[in-house]
Every structure is written in C-alpha cells, then in structure tokens.
Amino acid sequence: MVFKRHQLVANKWSVLILTILITVIASEFKVIPFNGEDFRFGLGSAAFFFLLLIFQPTSLIFTGFLTGVTVVLVRIGEDMIFTDEAFGLVLVDHIPAFLFYLLFATGFSVIRIERFKKAPLLLGAFATVLEFTANSVEHIVRYLLWSNMHLEVQEWVLLALVAIFRSYFVVGLYSSIIIMEQNKRIQEMLKVGSNLYAETLYLQKSMNHIEKITASSHDLYRKLKSQDHLALSTQALKIAQEIHEVKKDSQRILAGLQKITTVERNKHYTLSEVVQLVIQGNEKYSELLNKEIVIHSTILVDYETEQQIPLLALLNNICANAVEAISTTGKISIEVYEESELTWFIIKDTGGGISKEDHGIVFEPGYTTKFNDSGVAATGIGLSHVKEIITTLEGQVQIESFDKGTTFKVNIPTENIRKGG
C-alpha cells in the first residue's frame, strides 16, 4: 500500500511537470497581433487545454498556478538575457500571462471538465468562453499596467475568434483520439469475442448432451428402484445429481462467455469492415510465423450486419488455417458476393491443399494435418468450429482442393446476417 501511494504521488508530479514543460515550449511558438511583444497568441494555451483533457491532473487550479508562474519566469529570463530592458519593465510585460493560465484552469475546475468530455460541442463552448474571459482579463490588466485604457473593438473580435477556433480545434483533436482508441478497443473485443463465440457454441452443444445424460440417468434410477435394485438405483441417482451440478456450472460459464461476446450494438459493422479485420489479423499472424503472404479481398456486396462476431470467427478460422497451410510465401483471396438471396464467402489460398479423401472429415473435431516439431498433433478444432458456426447461421460450405491450394465456398442466407434482415 505504501509503495502504491508513493507511485501515485510520483505519477502526479510527472504529469504536472510534463504539462508545464510542454506548455512552456509550445508558448514560444507565437503570433503577436497587437503593438509590441507584450500580448501574444501562442500554442501554449492550446497545448495547456489539450494536456488538461489528456492527463486529467489532480488539481486543475494548482496546475494552472504553477504553469502560469513557469511561463512568466521563462519569458522574464529570455528578456533579461536577450534585451536590455530593466527587470521591473520585463516583469510588468509578462506578469499578466500568469492570469490567463490560472483563470483558465480555475474555470474548468469550477465547471468540472470531466463531465463534458463526452459532449464535444458543449466542451468547446465552455472552453471558448473561458479562453475569451482569461485572454480578456490578461489584455485589460496589461493595458492597466501600462496606463492605457484605449481598447479597440477589433481587438475583442480577434480575441473571440481565436478563442472559438483554438477551443474547437483542441476539442476536435481530443475527440478524434478518443474515437480512435474506442474503435481500437472494439476491434480487440471483436477478436477476443470471435474466438470465444465458437467455444460457446461447443459449450451449448455439450450442455444439450449433459441434459440428455441427466434425463437418462434419472430414468435408469427409476427403473432400478422399481426392480428393487436399491444399491444400483442410489448410485444412478447420485450420477444424475452430479451431472446436474456439472450442467449448472456450465450454465454459469456460458452466461459469462455470452456477456463477453456481446459487443456494443451501437456500432454496426459492414461486411467489408469485417473482412478488413480478418485481413489485418491474419497479416499479423503471417508475420508472426515469418511468412510472406499477400491477402486481398473483392467485395461485390456490402451491407451492415449484426452477426459480426460469428462472421469474424468463421472467416478468421479459415484464413488462419490458410496461413498455416502456406509454407513460406503465398496468397490468400477473400471474395464476397450475393446470389439468389445467399451471401457467398469464397476463401482461396495457395497452400498445400487437402486430399479429396479427407474432404468428408475435415470438419470433424480432431482432424488436423498440423504437427509440431515433436510430432504432436494440433487440436484440430478450428474447422469444426467453422462448421458449427455455418450450421448456426443456416448456411452451407463446400471445399475444393487442388495440388496447390484450397478453396472454401461458404454461403449463408442474406436475411440471417443482414442488419434488420
């Protein structure tokens, strides 16, 4: 617990220091809109706002205070080194900049910035108001210190326009990054879900068998009891009870897996997006196996589907087998088209092929042509998963294999996989 507390403190100070350093550096990239070098539009305020969104410092006010102090000190140091101005004049030049960072951070602390991160338009509006207010205060204080109250209308218009542009630019950049991260997480969930989906089918199938065995065991118990075989009937009843417990445990596991494989439905995937995920995943897989495999697709029909997980599991299994079947270099093609209310998925590879006598058993659990360096066979459940998924979607699969390569032809009723079908 002590170590974790120290680690949290260290992270807090690391975030604070990084925020200050980046803001100070960014503030040196500037545009000076008014006479002299006192008031400037720099990247510092935009960087500061962006870092507040990304890092979420513990204390916004403290962060704004230290950032403002550091920016002022750096600017004073620069002027003292590169100009001949007196310290008092330099201090008056730059002290108003401190107010901007303090007021900007304080404003976000008051409205609680984290509440609006999922509402970019509202967040941008708040940021615009806060930046305009903070810049205006800095501008007024600067004029007061220089005993000059002549404030032009165009100056306020410029402040407002810059506040709008800079605020919505930062909010747009932040939202884009967040959306990219969310899409990345969804894709990772899809990959995990597609693997688990196939397992849930087998677990469901096993539970059906368990149900039948439980019923048979209980029936055997009644028959043995009616024939006064008390010892055997008791044993049969115990077996039925044990199997029933296994079924309940399996149901709990199945319920957990189904929660994991349920992907957010607000994001509907098209067939082309599913195929692209398959290509990306298997390109990485081929690189992992040190193989040079070109994977390309031809999408002749494209529509939204709510069956992205079973389709991803189906296509991934076939393509992964194709990658494994190719020795060092080769090609895999995926073609998608619609014909007679059926959506066809044609997957071709240039691997070693499957012998014709094995075509009838390739989808049986345990079938495999892959062995490790020790001669131990692979589990051989990949294509049996494929068959199970296709059956669930009420589709069919055909295999064509030659001396060089294999073709899987899968057809599924379009209404079973099209969104709203």
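Here is a walk through the fold, from the chain as a whole to its sheet, its cores and its cavities.

Keep in mind that this is a predicted model, in which local features need pLDDT of at least 70, side-chain atom pairs count only at pLDDT 80 or more, and totals for chains, interfaces and linings use all residues. Residues are numbered from 1 along each chain as its sequence is written, and side-chain values use heavy atoms, with hydrogens and water left out.

Let's start with the whole chain. Its secondary structure comes to 11 helices and 9 strands; helices (H or I, at least four residues) and strands (E, at least two) are DSSP runs, numbered from the N terminus. Of the 421 residues in the protein chain, 41% are buried, where buried means under 20% relative accessible area, exposed means over 50%, and partly exposed lies in between (1.4 Å probe, protein chains only). Among contacts (heavy atoms within 4.5 Å) between residues at least 6 apart in sequence, 71% join residues at least 24 apart.

Now find the open sheet of 5 strands, with the order β4-β6-β7-β9-β8 and mixed pairing. Two strands count as paired if DSSP finds at least two bridges between them. β4 (292-299) and β8 (396-401) stand at the edges with a single partner strand each, so one side of each is left without a neighbour in the sheet. From one strand to the next, the twist averages 15 degrees. As a reminder, strands of a sheet pair through backbone hydrogen bonds, either parallel or antiparallel.

Let's cross the sheet strand by strand. β4 and β6 (residues 329-339) run parallel and are joined by 8 bridges, with H296 opposite S333 in β6. β6 then pairs with β7 in the antiparallel sense, over 8 bridges. Here E339 has L342 in β7 as its bridge partner, and the hairpin of these two strands has 2 residues between them, with S340 taking a positive phi near 55 degrees. β7 is mostly covered, with 6 of its 8 residues buried. β7 and β9 run antiparallel and are joined by 8 bridges; look for I346 opposite K409 in β9. Finally, β8 and β9 pair in the antiparallel sense over 6 bridges, and S401 stands opposite T406 in β9.

Helix α8 (residues 271-288) touches β4, β6 and β7 (342-349), and its direction makes about 175 degrees with that of β4. Helix α9 (residues 308-325) touches β4, β6, β7 and β9 (406-413), and its direction makes about 20 degrees with that of β7. Both angles are between N-to-C directions and run from 0 to 180 degrees, with axes fitted to C-alpha atoms, for helices over the stretch in contact.

What lies inside? The largest nonpolar core has 39 residues, and those with the most contacts inside it are L311, L314, I332 and F345. Such a core is a set of buried Ala, Val, Leu, Ile, Met, Phe, Trp, Tyr and Cys residues joined through side-chain atoms within 4.5 Å. At least two of its residues come from each of α8, β4, α9, β6, β7, α10 (382-392), β8 and β9, and α9 gives the most, with 9 residues. Leaving aside residues up to four places away in sequence, L314 touches V386, I389, I390, V410 and I412. Apart from this core lies another, of 25 residues, among them F49, F108, I113 and A134.

The structure also holds 2 cavities of 30 Å³ or more. A cavity is a set of points, on a 1 Å grid over the protein atoms alone, where a 1.4 Å probe fits but cannot get out, and lining residues have an atom within 4 Å of a point. Grid points are joined across faces, edges and corners, and a volume is the space filled by probe spheres set on the points. The second largest cavity has a volume of about 60 Å³ and is lined by K12, V15, L16, P57, T58, S59, F62 and T63. α1 (2-27) and α3 (60-82) each supply at least two residues of this lining, and the largest share, 3 residues, comes from α1.

Methods
On a 1 Å grid over the protein atoms alone, a cavity is a set of points where a 1.4 Å probe fits but cannot get out, and a pocket is an open set with protein on both sides within 12 Å along at least five of seven lines; lining residues have an atom within 4 Å of a point.
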